[in-house]
Structure formats: structure tokens, C-alpha cells
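Please look over the model first.

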Amino acid sequence: MEVSMKLLGELESLGFPRARAVRGLHYSGNTNVEDAVIWIIDNENDPDIDQMPLVTINMDIESPQPDDITEAIKIKEQELRDKVREKNREEEKRLEREREKERIRAGKALQETKRIAEENERQRLIALRKAEKEEEKRAREKVLKKLEVDKLERKRALGLPLENRAAKPTRPIVQEEEKDSLPVKSVKKDDRLRECLRSLKLAHMDDNARVKRAFQTLLVYVGNVAKSPDEDKFRKIRLGNPKFQERVGRLKGGIEFLELCGFERSEGNELLVFPRDKVDMQLLNSAGSLLKSAMINPFFGLLEKVKED
């Protein structure tokens, strides 16, 4: 099949590529420009619209239209151009609307993500505050419990009667009364141990960290002897050791506390030695309990000071 060279030239003058113009003439019947333009517009989305078809371009075939393009044809051509432009504008508007919808959708998705993140953070902070409050409550209860234990220990050490609680059965009360019947010598030594710790704390009230470190060091010395009384290295302390002097030796009551537990000076006052045959497990356990109470109870030693004042 052939297409008219003249009609092809008119289509190209309208701005259509040759491949589209040839296809438009070929598939519209090669009769006039208007049919070819309508076919091109209707099929512009075809995948092969810009592929040149295998047709012959006949320069001798004349268009049925007259040689002279009339004013009506020019108007028609202008209308076709306007249609093409209008369709292009509409397509551009449609694409712009699609892009705007996509921007709106992306904005909403971003806002939702931000809202979820803020909500998760708010829930995390609420859970954190709740956990902190519960931890504070447990800490207060622990301090109150330790205060009560310390109070009972002081009464027991002084030989004072304990409170008679109705909630406790008769048998445990009898057992506690039996525990209160400690030897006078042990009670007096406990008081002296407590006094050493109290003096140490009062002498360094402005340095709680140093006081706590001293109590911890004393607890290590006492605990090592109690756990391994046959180990010589645990029953000897070199007085000239800089760390010992810094943590215990230079603090009021520190060396006296160790001597009350059973350590003795030897070798020209260079060592503190704990004789194996003088290890008193009951006294060491009592000293350990006092040290633990002093470290846990923030009011340790202060009640006695108030009474003295």
C-alpha cells in the first residue's frame, strides 16, 4: 500500500514526525490529513507509534484534495493543532494532579510516622518514670527495714527487752529472748565496736565516700579472717602500707576496731597480727553485721549523737 507524498508533507508541516505521519496516512486510508491526524491522536500511546512502517511513498499519487489549500482547510488544521495542544495540556494537568496526590500521601505518611515515634517515646518516658517511682519506693522500704533491724540489734546488744509483737507466735519470741541473753563481755565489746564506727563516721561527716570506703575495707579484713581463719595472709596487716593508711590507718577508730576484733600489734608496731587461737567467730560475725548496718543505714551513729547533745 502507498501513501501520498503531498499529504505526508502537510502532516510534517503540522509538526508530526515522519514515522507517525506515514502510519497515520497508512492506517487512515491515505485519503486526507484530518483522518490521519485523528488516527495519530487516538493511537499516540501505541508502543510502535514511532516505528516506520514498510509502505511505499508515492509521489505521483495525488491527494483528492485540490492543489490550493482553502481557508477552510487552514482553519481545520488550526483546530487540529489546538486539539493536540489541549490534549497535551490536559495530560500535563493530570500528571500534576497525580504528583500532588503523591506529595500529599507522602506528607501524611511522614506525619503518621512522626506521631507514632512521639507516642512511643511518651510511653517509654511514662514507663521509665513508673519504674523510677517503684525503685524509690523499694529503696525507702529497704531503708526503713534496715533501720528497724539496726534498732533491734542495738536493743539486743544493750540487753534491752524487744517489742512484743502480737503478730509473732510465742515460740519465736522465746527464741529471741534466748538470743538476747548474751554474755556481758560480748555486749560490752559490741558497744565498743559500734563506738569505733560511730567515732569514725562523726569525725569525717563531710566525706561520706571516705567513710564508706573505710567501712568496706574493714569488712574485707574481718570477712577474710572469718571465711579463712587458717590463712596467714588474711591474719596479717602491714601498718606501713600506704593504701591501708589512706583507707583505715589515718581514720579515727579504724585500727582500734581491728584490735577489738582480735588483731594485735607485733614486730615493733609494724604489723597487725590476728592469732589463730584467738579467732572468735561470734565476735567477727557481730563486727561484720555492724559494718554492714553502718554502710546501709544513713542514720548510723547519729541517734547516739542526738542523745548526747
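Is E92 buried, exposed or partly exposed? E92 counts as partly exposed, at 45% relative accessibility. Buried means under 20% relative accessible area, exposed means over 50%, and partly exposed lies in between (1.4 Å probe, protein chains only).

This is a predicted model, where local features need pLDDT of at least 70, side-chain atom pairs count only at pLDDT 80 or more, and totals for chains, interfaces and linings use all residues. Residues are numbered from 1 along each chain as its sequence is written, and side-chain values use heavy atoms, with hydrogens and water left out.

**Salt bridges**

Side chains of opposite charge can pair when their charged atoms come close. The structure holds 26 salt bridges. A salt bridge here is a side-chain nitrogen of Lys or Arg within 4 Å of a carboxyl oxygen of Asp or Glu. Three of these pairs are listed below.

| Pair | Closest N and O atoms |
|---|---|
| K76 and E34 | 2.9 Å |
| E92 and R99 | 3.3 Å |
| E96 and R103 | 3.3 Å |

Take K76 and E34, which form a salt bridge. K76 lies in helix 4 and E34 in helix 3 (residues 33–42), so the pair ties together parts that are 42 residues apart in sequence. Helices are DSSP runs (H or I, at least four residues), numbered from the N terminus. K76 counts as partly exposed at 29% relative accessibility. E34 is partly exposed too, with a relative accessible area of 30%.

The other two pairs belong to a network. Which residues are linked in it by salt bridges? They are E92, E96, R99, E100 and R103. R99, the partner of E92, is partly exposed with a relative accessible area of 36%. E96 is partly exposed, with a relative accessible area of 36%. Its partner R103 is partly exposed at 43%.

**Positive patch**

K142, K145, K146, K227 and K292 form a positive surface patch. Patches are made of residues with over 30% relative accessible area and no salt bridge, and like charges are joined within 9 Å. Lys and Arg count as positive. The place of a Lys charge is taken as NZ. Areas come from the Shrake-Rupley method with a 1.4 Å probe.

Which helix gives the most to the patch? Helix 4 (residues 71–158) does, with three residues. K292 sits in helix 10 (residues 281–296). At 47% relative accessibility, K292 counts as partly exposed.

**Helix 7**

Helix 7 (residues 208–227) has 20 residues and should span 28 Å at 1.5 Å a residue. The expected span is 1.5 Å times one less than the number of residues. The end C-alpha atoms of helix 7 are 28 Å apart, which agrees. Its buried residues are V211, A214, F215, T217, L218, V222, G223, V225 and A226.

**Two sites near the start of the chain numbering**

L8 is found in helix 1 (residues 5–13). L8 is buried, with a relative accessible area of 0%. L8 and A19 are 11 residues apart in sequence. In space they are 9.9 Å apart, C-alpha to C-alpha.

Where is N30? N30 is in the loop between helix 2 (18–28) and helix 3. The phi of N30 is near 55°, a positive value in a residue other than glycine. N30 counts as buried, at 14% relative accessibility.

Key
Patches are made of residues with over 30% relative accessible area and no salt bridge: like charges are joined within 9 Å, nonpolar side chains (Val, Leu, Ile, Met, Phe, Trp, Tyr) within 5 Å. Helices (H or I, at least four residues) and strands (E, at least two) are DSSP runs, numbered from the N terminus.
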